[in-house]
Amino acid sequence: MISILTNNWSALLEGIKYTLESSLIALIGSLILGVIFAMLEISPNKTVHIIGRTYVEIFRNIPLLVVAMFFYIVMPRFIPGLDGFTAGTIGLTIYTSAFIAETVRAGIESVPVGQMEAARSNGMAYLQAMRFIILPQAIKIVVPPLGNQFVNLVKNSSVLAFLAGFDLMYQGNLIASTTFKTTDTYLAVGLLYLVMTMPLSYLMRYLEKRWAKNQQA
Amino acid sequence: MRNKQKSWAKLWLLLPLLSLLIALSACGKNIAQEDVVQRVKKTNEITWGVKSDTRLFGLMNIKTGKIQGFDVDIAKAISKEIFGDQVKINFVPVTSNTRLPLLKNGNVEGLVSTMTITPERKKEIDFSDVYFNAGQAIIVKKGSKIKSVKDLTKGTKVIGIQGSNSVDNIKKAAPNTQVLQLSDAAQAFTALKSDQGDAMTTDNGILYGLVSDDPSYQVVGGTFTSEPYGIGINKGQKKFRTAINQALKTIEKDGTYQKIVDKWFKKISGFDGSVVK
């Protein structure tokens with residue numbers, strides 16, 4: 001297994017680079033999209049609520065591979081030059097944003113209704129109350145499940161391998177099929193994913209603990 | 001303090017996991033080492049690995065659920081020649097990526113899967129004599145500026161298939177082009193149709209199968225390599241290899257081989273008859 005790592009280090013490093021790049025873009029994108037659609041979902045306006053709900057239900061219930069394939073195979077007819085990496089990252093962003101929307105929505109709804117009512121009766125507008133009263137409380141609740149989504153996102157980025165997206169799994173496939181050392185290669189690839197996701201898990205756990213302390217004080 | 005000790009204790013749990021990985025990594029003897037001829041004679045059942053996505057060679061018929069093609073018929077003819085007409089023949093779909101692991105793990109007894117005999121593969125497995133002579137070529141959309149491999153210059157993208165030596169060949173023949181590798185021929189052709197690349201490359205037999213299905217694409221520039229296909233078997237299966245080579249000779253002599261060739265390639269226009277053995 002060591003020889004796989006040393007002999008193909010440049011290819012694996014290239015893969016890690018693309019995996020991290022895709023994950024980072026998707027993380028930021030899906031966080032923004034997720035919060036937006038969570039807000040739509042909890043909106044008192046019926047039409048807006050339905051728009052948010054539809055988006056979440058569609059992308060939460062279709063396999064990631066199908067979403068990514070759609071952007072890789074179908075969308076280039078309308079958007080020329082959409083390559084595997086871009087298509088995969090867009091798919092990953094949209095797919096993850098649906099889960100993040102659900103997580104954020106649950107977080108906001110778990111803040112007692114009285115908080116909103118109190119803020120409104122003190123003269124705050126709906127968005128003001130959201131911004132200053134509800135969201136700061138919701139964030140603390142949402143962090144642990146959100147961490148799960150981020151770890152999942154890094155792992156799910158392996159979908160790029162099916163779209164020739166040059167990520168770690170793609171490089172792993174190529175190394176396995178040229179060296180014929182399948183077991184060792186996938187063990188090495190698994191290990192490298194672990195190296196990427198473990199720090200993320202620990203960071204999330206650390207934030208969770210710190211905020212729990214804050215709340216007590 | 002106590003908390004810290006606890007978290008270190010958890011790390012010890014990783015130890016058995018790690019040793020399991022190492023044990024897996026140094027995988028020991030398995031079913032693949034048994035003598036195939038003896039085992040098949042006992043069980044009266046043989047399993048071949050064939051392509052299931054490659055028109056003309058091995059393609060899954062969605063209606064019947066059976067794989068059909070040149071490779072499949074060759075495998076059938078050889079099995080019957082060695083083990084008699086009564087032998088039960090199973091087919092397992094493989095891809096360029098999965099076929100060697102499947103063979104080495106013993107999931108299949110042999111591979112008839114458009115596999116070129118190469119020195120690298122010979123280090124891992126054994127090959128029979130050549131049963132088909134192919135050559136690598138490229139296909140493009142009709143009207144494309146690319147007329148041969150030489151036109152694949154900087155800024156072009158060519159689509160290849162993972163785990164096939166055609167990727168190495170195209171990198172040598174057109175070093176400045178970018179190669180995108182997809183998992184099988186069907187995926188690669190779909191990607192080409194979605195304009196993910198300017199050309200697609202693999203062996204000509206497979207490419208003719210693709211263009212016979214979609215005439216808006218064409219093979220250009222002829223072949224630029226020679227790709228002799230062999231039947232792949234595990235190392236140490238001398239008896240099986242001798243039997244396969246003997247069977248290949250027999251079906252060639254009695255006309256079975258030519259019948260199979262005619263069945264699959266006679267109708268294909270543009271296919272160079274001389275590349276067939």
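**Close-ups of a predicted two-chain model**

**View 1. Helix α4 on the sheet of chain B.** Helix α4 (residues 70-83) of chain B lies across β1, β5 and β7 of chain B, at about 160 degrees to β1(B). Helices (H or I, at least four residues) and strands (E, at least two) are DSSP runs numbered from the N terminus. Contact here means C-beta atoms, placed from the backbone, within 7 Å; angles run from 0 to 180 degrees between N-to-C directions, with axes fitted to C-alpha atoms, for helices over the stretch in contact. This is a predicted model: local features need pLDDT of at least 70, side-chain atom pairs count only at pLDDT 80 or more, and totals for chains, interfaces and linings use all residues. Residues are numbered from 1 along each chain as its sequence is written, with chains lettered from A and ligands numbered from 1 in the order in which they are written.

**View 2. The open sheet of chain B.** Five strands go in the order β5-β1-β6-β13-β7, with mixed pairing; strands pair if DSSP finds at least two bridges between them. At the edges sit β5 (88-94) and β7 (126-134) of chain B, each pairing on one side only. Strands β1 (residues 45-51) and β6 (residues 110-111) of chain B run parallel, joined by two bridges. B:W48 has B:G110 as its bridge partner in β6(B).

**View 3. Around A:A68.** Leaving aside residues up to four places away in sequence, A:A68 touches A:A87, A:G88, A:G91, A:L92, A:V159 and A:L163.

**View 4. Where the chains meet.** Chain B puts 19 residues into the contact and chain A 17 residues. On the chain B side, α2 (14-25), α5 (99-104) and β10 (178-182) each supply at least two residues.

Definitions and conventions:
Contact = placed C-beta atoms within 7 Å.
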